[in-house]
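Have the model open as you read.

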Amino acid sequence: MAVAAPCSLAGHDVQLPHVAVFPFMARGHTVPLTHLAHLLRRRGLATVTFFTTPGNASFVRRELDDDGVAIVELPFPDHVPGVPPGAECFEALDSLSSLPAFVDAVSVLQPRLEACLAAMRPRVCLLVADVFLYWAHSSAAALRVPTVAFFGANMFAQVMREVILRDNPAAMLMADGGAAAKFAVPEFPHVQLTLADIPVHFKDQTPPVAIVEMNAKLRKTIAGSRGLIVNTFDAMEGHYIDHWNRHHIGTKAWPIGPLCLARPPRSPRHGAGDTKPSWMQWLDEKAAAGRAVMYVALGTMMAAPHAQLREIAGGLESAGVDFLWAVRPRDADLGAGFEERVEGRGKVVREWVDQWRILQHDCVKSFISHCGWNSAVESISAGVPLAAWPMGAEQPLNAKLVVDVLRVGVRVATTEHGLVRMDEIARVARELMMMAGEEKGAGAEAASNVAALAAKARKAVAEGGSSWKTLEEMVAAVCLPADPSK
């Protein structure tokens, strides 16, 4: 078992609080918590232990980049009911419908987690655990270790989720005429929800029992913790943060983001590791040639059907924009001859890419995204406007925030069957890249707004900024005092 040692702060040995971090087994949930670990270490606020499993450990080590964080691997059983052999992360499963079963299945790690928490020296002063790991919060409580919950959504989505559970607007909207009807949120009348803005699982008037039970566990976990870490910042979501803290009894929201801005530059490598990935070399060449690039990525948790991928390919080809497209699944058929026809103008990548590095590249000027919150907040932090194409989970609410509230993106329109046609892909690509007379259109407004918001994001995480101060306040408020004798 790894032991977190005292840190040296300002030239003196100081016993810092020992914070343990435990993400849900999905990359989108893990990455922001590695950024939090960086923050706690770099600012001298805590020593950090990071829990993971053997199958996820190499990814975690790459993200932590030898930052002095102790990594503890909890052995994952060979046979877990409801989980395919060897599947230790959610991305290895077939669909989002498998989530409740996977959430329950990984509770097999609970006994080992409890043993580690009980044995660690110095003692753990705080456990930061994903809300999907509801059992980890229970284990910590039994050991008298305080917890804060991490839920990888923004504050707008959290508040709207509570409204949807309370008022069931989907039923009203379907009764009032379906797609054209609107529901004005009582607390925020400027927010008018349509059916397209409501996540699928809230539209089902008789949702599966597994979904109902999982949602109940999530709400109980948040309510029972010492707070909710939110990857956002006051200047972007202050109204929703204030509303939550006024009305959500007992669970304070701690906005400490954007966490992606906390990641330090990668450590220098030597030897073969110095070689830049092919996609980064390609972007460098585009920048040198003065070319603007659109980035396309639809997340890692759900793979688009092959028919949809071919529509995307056709739209990108006809739009005439330069693009970098991170494709999933790796063996996706994009249509005969597509990659050859766009060679030089477009690049298809079928490997893992560092999305944050891509979005920060000078030549990347827009992003077609599924609007998962990690992707959205990274794009906003990099000052890159979005084409919002929600596909599942809370993504419709993220898209609502991005397009209608913050006005830093444009919406991708789907057909009634959920398919996005190639002409729609071409339209949003040209609009965001401000081609063919679009210089004064929605794409230009989104680009201007996101640049201003990116500046506010940097200010929030800088010394003395709102997120900077909130992190200090959270550690002081919820951590047990460090005990040098243990």
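## Around Glu88

Leaving out residues up to four places away in sequence, Glu88 touches Met25, Thr53, Pro54, Gly55, Asn56, Phe76 and Phe102, where contact means heavy atoms within 4.5 Å. This is a predicted model, so local features need pLDDT of at least 70 and side-chain atom pairs pLDDT 80 or more, while totals for chains, interfaces and linings use all residues. Residues are numbered from 1 along each chain as its sequence is written, and side-chain values use heavy atoms, with hydrogens and water left out.

Glu88 sits in the loop between strand 5 and helix 3 (99-105); helices (H or I, at least four residues) and strands (E, at least two) are DSSP runs numbered from the N terminus. What does the Glu88 side chain reach at 2.6 Å? That's the backbone nitrogen of Gly55. A polar contact of 2.7 Å also joins the side chains of Glu88 and Thr53 (N or O atoms within 3.5 Å, one able to donate a hydrogen and the other to accept it, with residues adjacent in sequence counting only if both atoms are side-chain atoms).

Glu88 is buried (under 20% relative accessible area; exposed is over 50%, partly exposed in between, with a 1.4 Å probe and protein chains only). Still, Glu88 has no salt bridge, meaning a side-chain nitrogen of Lys or Arg within 4 Å of a carboxyl oxygen of Asp or Glu. Arg61, the nearest side chain of opposite charge, is 11 Å away (Lys and Arg count as positive, Asp and Glu as negative; His and the chain ends are not counted).

## The strand pair

Strand 4 (residues 47-52) and strand 5 (residues 70-73) run parallel, joined by four bridges; DSSP must find at least two for strands to pair. Phe50 has Ile71 as its bridge partner in strand 5.

## Salt bridges

The whole structure has 18 salt bridges. In one of them, Arg43 meets Glu472 at 2.9 Å, N to O. That pair links distant parts of the chain, 429 residues apart: Arg43 is in the loop between helix 1 (27-42) and strand 4, and Glu472 is in helix 19 (residues 466-478). Arg43 counts as buried at 15% relative accessibility, and Glu472 as partly exposed at 38%.

Asp197 and Lys400 meet at 3.2 Å, N to O. Asp197 is buried at 3%, and so is Lys400 at 7%.
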